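Dear colleague,

I am passing on the structure we spoke about, and below it you will find my notes on what came out of the analysis. Please read them with the model open beside you.

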Amino acid sequence: MIPAIFVLTLRQLLRQRRTLLLVLLAVLPVLLALLFRLTAEEVTPARFAANGLFAGFIVNLVLPLTALVVGTAALGQEIEDGTVVYLLGKPLPRWTIVIAKVAAAWMVTAAVVVACVVVSGLVVLTGEEGYGLTLAFVVAVLAGSLTYSALFVGLSIRFGRALIIGLAYVFVWEALVSRFIPGVRFLSVRAYTLGVADGVTDVPARIFKASLSPGPAALLLTVVTVLTTAYAIRRLNAYEVSERV
Amino acid sequence: MTATSQPAIEVAGVSRWYGNVVAVNDVTFSVQPGVTGLLGPNGAGKSTLLHMMAGFLRPSSGEVRILGESTWGRPDLYRRVGIVLEREAVYGGLTGYEFVRVNARLHGLDNPHEAAMRAIELVDLGPAKDRRTGTYSKGMKQRIKIAAALVHDPAVLLLDEPFNGADPRQRLHLMDLLRQMAREGRAVMFSSHILEEMERLGDGVLVIVAGRLAASGDFRAIRRLMTDRPHEFLVESSDNRVLAQALLGDTAVSGASLEGDRLTVRTDDFTRFTEQLPRIAQAARVSVTGLSPLDESLESVFEYLVSR
């Protein structure tokens with residue numbers, strides 16, 4: 001049944017207006033890349049791509065925002081508008097619903113963010129040193145978008161206002177708290193994503209260096225994905241449909 | 001469809017509360033195949049009860065069983081149960097056909113296309129099946145939801161206010177359909193706050209008021225109780241004082257009060273009162289210009305049933 005729910009969710013996500021807004025958000029790094037190509041002379045393309053474009057803009061902003069909007073809509077929107085009863089009232093174990101929802105959210109998020117990395121990377125790095133950075137960040141955002149998707153799907157089952165809570169996590173916790181308090185970076189999906197990029201890339205540390213080592217970063221991404229998915233399954237198993245829904 | 005020895009639906013000592021608010025209070029009944037109506041005013045607890053029957057809400061105490069199995073946390077039960085909730089949400093981006101077919105696929109049916117087509121024909125939506133459900137009227141949405149609930153040929157059908165939004169023709173068609181389901185041996189339970197729907201459809205009726213089961217049994221017997229209860233009328237006539245005196249001489253009238261120009265009459269025998277009023281007025285040479293019930297709201301009928 002997972003494929004049926006997966007396809008149904010993709011159709012629901014792709015027809016939402018906010019998904020279109022995300023595509024517009026994903027175009028911004030490409031415009032930035034073009035601007036850099038046309039004007040910048042002092043910064044090397046590899047350093048700009050790694051720190052300014054990929055880590056600074058895409059991993060900091062495009063990835064978490066896309067995952068937040070898509071992840072909270074994948075199941076949260078169905079809970080909000082009441083269509084979730086068509087899934088819950090079927091002879092399906094509820095874990096299949098969670099897995100299908102996380103997979104669909106992951107696919108849409110990854111499609112948007114990977115395209116964003118590849119196109120902007122092509123614009124900045126074609127013919128330049130550090131071409132492997134693009135591949136490294138493709139792998140990293142693929143992994144990071146899975147973790148974010150599981151996190152935000154779980155959040156949408158637990159909270160009616162998951163979008164606001166998610167925004168607080170992305171912009172307050174990850175963007176501010178975890179950046180300035182060193183120990184807290186271990187609780188940031190953004191930091192894990194950058195750690196994975198650091199592990200895959202072949203550029204020297206002077207160009208790009210993540211604050212978290214690749215090994216722990218990959219392990220933490222896996223742990224958070226598994227734990228948040230398990231939490232989402234547990235919440236959905238105990239989930240009650242209110243008569244107001 | 002179900003063994004007659006075992007009730008299709010059993011509700012045993014079920015209560016449900018939200019914090020300090022009791023939505024359903026110690027309700028017990030069992031239902032056999034046939035059409036059963038769940039009647040009660042808005043906010044009486046009908047939907048909460050239906051949600052518990054559907055396995056969507058966990059009872060705070062007691063147990064709900066369908067076909068002998070507890071409904072909470074048993075998704076396998078949905079192979080034999082179809083559910084239509086009141087809220088009209090459907091997947092607006094899908095056509096009617098796609099919506100019913102995806103429900104068939106989620107049930108794991110061998111031939112989702114065939115099952116979807118059969119269910120769509122049952123609710124008479126064939127000509128609109130390729131339109132997006134987002135463009136459907138409220139009544140059409142209700143019918144496509146019923147098609148989705150019937151797609152796997154369930155033995156038990158639970159419907160929350162199924163006729164909301166349907167026009168009179170659609171309403172009659174849906175009623176025929178539900179009767180046909182019942183004739184085929186299914187248990188069909190539907191909730192409504194409209195007496196006429198119960199009268200036309202419900203073989204048996206369960207009356208829920210303020211979370212309690214106020215009455216249950218044959219609808220006609222309950223309807224009689226409702227009709228024979230004390231009624232109060234506001235009477236307007238050419239001479240209220242003379243008419244009040246004349247009415248008090250009849251056994252159908254148990255009381256009359258005259259406050260200024262306002263004449264209120266109380267009767268314990270509704271049928272006799274409505275027959276006798278014109279005769280008494282004529283004999284007293286008084287013209288009756290108005291007669292309006294003071295307590296005909298469904299809530300007052302239900303309050304009477306509860307107080308008995």
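A residue is taken as buried here if 20 or more other C-beta atoms lie within 10 Å of its own, with the C-beta atoms placed from the backbone. By that criterion, 43% of the 308 residues of chain B count as buried; please bear in mind throughout that this is a predicted model.

Chain B contains ten helices and 14 strands, and its C-alpha atoms fill a box of roughly 75 × 45 × 35 Å along the principal axes. The domain assignment divides this chain into domain 1 (9-224) and domain 2 (229-307), whose centres, taken over C-alpha atoms, are separated by 40 Å. Among the contacts in chain B with a separation of 6 or more, 68% are accounted for by residues 24 or more positions apart.

The largest nonpolar core has 160 residues, and those that touch the most other members include Phe54(A), Ile58(A) and Val113(A) as well as Val100(B) and Ile144(B). Leaving aside residues up to four places away in sequence, Val100(B) touches Ala116(B), Ala119(B), Ile120(B), Ile144(B), Ala147(B), Ala148(B) and Val151(B).

Where the two chains meet, 22 residues of chain A are in contact with 25 residues of chain B. On the chain A side, α1 (2-14) and α5 (85-88) each supply at least two of the residues involved, and that side divides into twelve nonpolar, four polar and six charged residues.

With best wishes

Note on methods:
Residues are numbered from 1 along each chain as its sequence is written. Chains are lettered from A and ligands numbered from 1 in the order in which they are written. This is a predicted model: local features need pLDDT of at least 70, side-chain atom pairs count only at pLDDT 80 or more; totals for chains, interfaces and linings use all residues. Domain bounds come from an automatic or database domain assignment. A nonpolar core is a set of buried Ala, Val, Leu, Ile, Met, Phe, Trp, Tyr and Cys residues joined through C-beta atoms within 7 Å. A residue is buried if 20 or more other C-beta atoms lie within 10 Å of its own, exposed if 12 or fewer, and partly exposed in between; C-beta atoms are placed from the backbone. Two residues are in contact if their C-beta atoms, placed from the backbone, lie within 7 Å. Helices (H or I, at least four residues) and strands (E, at least two) are DSSP runs, numbered from the N terminus. Ala, Val, Leu, Ile, Met, Phe, Trp, Tyr, Cys and Pro count as nonpolar, Asp, Glu, Lys and Arg as charged, and the others, Gly among them, as polar.
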